[in-house]
Structures are given as structure tokens and as C-alpha cells.
Amino acid sequence: MTRMAADAGERLLVVDWERCAGHGVCVAALGERLDLDRWGYPRGVSSRGVAVPAELSGAARLAVRSCPAAALRLVRRATA
Amino acid sequence: MSTVLATRAVPVGLPGLVVGQRGPGPLPRSLLAPGVLLLAGVRPGQLVDRVAHDAQWGPLPRPGLPALIDAAAREHLVGAGGAAFPTDRKLASLQGRRVALVVVNGAEGEAASGKDGVLLGHVPHLVLDGAVLAAQALGAPRVVVRISADRPDLAAQLPAVLASRDDPVRVELSIGPSAFVAGEATAVIRALAGGPALPAELGLPPALPTRGLRRGGQVLLGNVETFARLAVAARGLPARSALASASGAVAGPGVVELPASRTLADLAAAAGGVVGEPTLLVAGGWHGRWIRWDGVAAAARLTHDDVALVGGRWGAGAFVWLPGDLDPVESLRVIAAELAAGSAGQCGPCWRGLPEVAVTLGHVAEGRVPRVAFEALVADVEGRGLCAHPTAAVAALRSALDAIGAVA
């Protein structure tokens, strides 16, 4: 039950592709999950959100804060 | 002399694509013959007016939402814009939600498709019936019919059609840009909310973005053909037929409605027959699949399942036979460049990726670089971006490489 409660707080990392300009800062912050493609855009994110495990939530928040284009956000996973 | 294959000196026209020059080719925009259900008895070029429509179909039914969902499920209705999402599930997803708007998407960004314009030009009341009864069932106060600016004929004709009805909800006409992605569902909704006609992440089901509108709310957006079939299904009638656009290396490009039990060979015959011995068919439009045009493909029935069995895709029902005397690699180059140009330019992996894909594809097709170069590149394009364009474009181009390999 307590595990279920923790899962309910799981966050999704969402990229806004319209804003993303391929600075690549997020990859430095969250290298455990992201890497750069040939143009410098991050692989491992999507516009529909990719789950971030709890142990990486600090790194994910850093990636969001440090994005020069403000293209990343963390959202709570929808219940449905 | 055929209208499609003139001479080498004259550019070979594909719908929306002319090798060697930009500009419209012979678009499949005319109805070729009376249809069998939605267009039954309708003469090409003839508008079925309100009186004739009422005489044929009777008054507008008013099913509640559960009955409408049942009718859509009974007739196995799916979205006819290309995604083939089951209509009953789309309606059910809006149950209990506030629906602000019903959008009839006739923006037809797919140049190889002409069916939506044909329906709006011939049987607009059937289309409007479907949208209005859906709006009533959902409690939506407003219906918008969205068409693209490259159809001034429809823009001129539809206001009088709307005026001849006395609908219980507000019905408006909206005219948008004619770009490929401008007809994508979220782009249409975004434009109607005062934004640009570019794809957006609006969630499922899509909601009107609150910015630019006083109050948001859910949106039911459906393709023109989907609403016409819904109008038939809601009357308790069978609503199945095959509505397809045929173009490319056929003598008379256009739109035909046939029983779904007929075949791709019948579709080609209805479009005047193939000319110049084509060996390739693009099934499903520019986001579709390239397949070999052979006896197996010709025998496929005009259903989603049969077309998929021969490697094609139904999509929006657009079929383009590639001229047999045109180098397939040249066709591929033009179509790849057109798909790259079709990017809205919003998402890096799409606007940077597709032009590189187009160049690499040409090299692979000529055998100058190995196929793995294409696959490595598209790994950085597929599944990325906020709309389906890059992923669909790559799938189409991959099938083209396969098909060209098969005929070479």
C-alpha cells in the first residue's frame, strides 16, 4: 500500500519540442536517462512524457531548471 | 495521350507533386461516377440540395449519446482522416465531459486525397447531419466546418448550404491554410482557438486550449467522411462502403465510391485504368506505404485489412500509381523532399531530420551508401516531435526503399 502511494507521486519528464533548441544541457544534468542525438537534441524524452524514477528526481529537476530554452517540465503522472 | 504521362519533356505529374517543378499535379478532386452509399445516385458535379437530401435520407435523427455510440460500434466506424481510430471509442471518451465544439475536418492536407472535398461539394447535408447530431448527443453548442484556402469552390458554395438548414446548434465555416500539416487534428483545433495552424500537444481527447478562448472545453474533431457515415449509421442504416481517391498513372484521376467487396483493380478501372504499366502503388497517400503493383495487390479488396495484407495502408483512402516509365528513385526523391518540406518546422528532429533523410534516402536508393545509413539516421527521427508527421514520413519512405528493392 505504501509502495502504491509512492507510485502515485511518479513524475513524467515532458519536452516541448517547439522550444527545444538542442542546447544539450539536460543531457549533462540527467545523463543516466538522456543522451544527445546527431543534432544535439535529447534522446530519452518525449512530448507525452517519460517516467522518471524517484532516485533520479533531483537530477530531473536540475535538467528542467537548467534548460536555457525552458523546454522541459516535470508533471505528475495522470491517474487514467 | 494520357493526361498523366505526357512526354519526358513535360514534367510527370503526381498529385500535388510535379517532378522538376513545384505546383499542383492532376489532383484527384472530381467525383468520377455515382457512388453506392454516401454518394449513391449522385451525378459528378451535382450538389444534393436540402430538399433532395431530405427526400433521400429523411429528417435529422436525434439519438442520445449511448445510442449514437452503439450505432458507430455496430457499423465499425473508424476515423477516415487516416488514423482509423474507432469512432465509438472517441465518442465514449467524451461521455460526461463538457464538449465545447464539434469540428468537421475537411482541411485535407494530404494532396493525394480528394474525397473530403468531393463529399462537401456533393452531399454536404449528409456531412452536416453527422456533425450536428453528434453535437446534440454531446451537448455541444457549436459546429465548425474547417476547409483549406485552396478550395475556393467549397468556400463559395457552403455558406448557402448552411443557410438552407435550420440546425439546433450554431454551424460555422472556417477557412485555413492549405499546408500538409495544417489539416492535422491538433493544428486545426489550435487554429480555431486563435493560434497558428500548426500541430500541438493537446492530450486525448483534445481540449481547446484555454489561452485565446474565454472558456475551454473538450473538442470532438472528426473527418468529413466519418461524419457522413455517422449520419447514415445514426439512421439505423448500414454505413459501409469504400471511398477512395485514385491518381498518378491512371487515365482519369478522381474519387470513386465502390462496395468494399470490390478490389484495387476495380478502383484502377474506375479511374480509367492504369497507363504506362506502373509497377508501384503508393497505398494510403504520402504517409502511406509503397507496394508492388502486381496481381496480388490488384486482388486486394477495398478494406483496411486487405490493403494491409498486401503491405499497404488505407490511411485516408488515397492511392497513387507511380508511372512505370519514371525512375522510381526519382519519384522517391521528389516525395521525400515533399515530406521534408511538409514539416511545420516546430520540432528539431523533424525539421532537421527529414531533409537529411531525403538526401540519404536518395543515396541509398542509388546503392551509393548502405541501407544501414538510412536506418541509423531515422532512429533519430522516428517517434520524436509532437505530431505524427516525422514518424509517418519515415515509415512511408522505408516502405518505398523496400518496394523499389523489390521491383529493381
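Predicted model: local features only at pLDDT ≥ 70, side-chain atom pairs only at ≥ 80, totals over all residues.
View 1. Of the 408 residues in chain B, 55% are buried, a residue being buried if 20 or more other C-beta atoms, placed from the backbone, lie within 10 Å of its own. Local features need pLDDT of at least 70 and side-chain atom pairs count only at pLDDT 80 or more, while totals for chains, interfaces and linings use all residues. Residues are numbered from 1 along each chain as its sequence is written, and chains are lettered from A in the order in which they are written.

**View 2. The two faces of strand 10 in chain B.** In a regular strand the side chains alternate between the two faces of the sheet. From strand 10 (residues 280–283), B:L280 and B:V282 point one way, whereas B:L281 and B:A283 point the other way, and all are buried.

**View 3. The partners of strand 10 in chain B.** Strands pair if DSSP finds at least two bridges between them; strand 10 and strand 11 (residues 289–292) pair in the antiparallel sense over 4 bridges, with B:L280 opposite B:R292. These two strands form a hairpin with 5 residues between them, and B:G284 in the turn has a positive phi of about 105 degrees. Strand 10 also runs antiparallel to strand 12 (residues 318–322), to which 4 bridges join it, and here B:V282 stands opposite B:V320.

Notes. Buried ≥ 20, exposed ≤ 12 C-beta atoms within 10 Å, placed from the backbone.
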